Amino acid sequence: MLKTPTARGKGKSDPTLLADFTVTRKQRRAIPVIGDPDPDVLWRLDMFYTGVGLAIEERSGLVTPSMIEMKPMGASDDCFLRPGGWSLCRGIHRFSFETFRKLGEAGTKLVDDATAAIEAYPDVARE
């Protein structure tokens, strides 16, 4: 059964919570190259992009809703689409980061890129 984010995080320290997002190279090699994402991976994916969306909202004042559209392999494209044109293709069942630093860098880059796009095209972003 998939736990709710509230139940997952209750009473846990930040490093303990973030540990779910890190997978060593050795652990990653043990994950099959092709596979379906399990509920824990989908939770991590959703929480990561929800965090990115909240950081974008904090910087820009624009609400960035979290949504994931999942399609089975072989459907028109093999991607998971995100607001703002972000997409994650194939291998989503292995979604994780090698270190906390790489997790932070990936999130920061997404927030910086989105913020730059909002600043470059404010009228489009606010429609």
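A salt bridge is taken here as a side-chain nitrogen of Lys or Arg within 4 Å of a carboxyl oxygen of Asp or Glu. By this rule, four salt bridges are counted in the structure, which is a predicted model. One of the pairs joins glutamate 98 to arginine 25, with the closest N and O atoms 3.1 Å apart. Because glutamate 98 lies in the loop between strand 2 (87-89) and helix 5, whereas arginine 25 belongs to helix 3 (residues 25-30), the pair ties together parts that are 73 residues apart in sequence.

Helix 5 (residues 100-120) also packs against helix 4 (residues 39-60): the two axes come within 9 Å and cross at roughly 40 degrees. Helix 4 is therefore oblique to helix 5, and the crossing is right-handed. On the helix 4 side, the contact involves Phe48, Tyr49, Val52, Ala55, Ile56, Arg59 and Ser60. These residues meet Leu103, Ala106, Gly107, Leu110, Val111, Asp112, Ala114, Thr115 and Ile118 of helix 5. Classified by residue type, the contact comprises eleven nonpolar, three polar and two charged residues.

The mean pLDDT is 75, and 71% of the residues score at least 70. Helix 5 has the highest confidence, at 93, while strand 1 (residues 79-81) has the lowest, at a mean of 48. The pLDDT is below 50 over residues 73-82, a stretch that has 29 contacts in the model beyond near neighbours in sequence. Over residues 84-88 the pLDDT likewise stays under 50, and the model has 14 contacts beyond four places in sequence for these residues.

Key
Residues numbered from 1 in each chain as written. Predicted model: local features only at pLDDT ≥ 70, side-chain atom pairs only at ≥ 80, totals over all residues. Heavy atoms only, no water. Axes fitted to C-alpha atoms, helices over the stretch in contact; angles between N-to-C directions. Helix = DSSP H or I, 4+ residues; strand = E, 2+ residues; numbered from the N terminus. Parallel < 35°, antiparallel > 145°, perpendicular 65-115°, else oblique. Left-handed = near helix turned anticlockwise from the far one by under 90°. Contact = heavy atoms within 4.5 Å. Nonpolar A, V, L, I, M, F, W, Y, C, P; charged D, E, K, R; others polar. pLDDT = per-residue confidence, 0-100.
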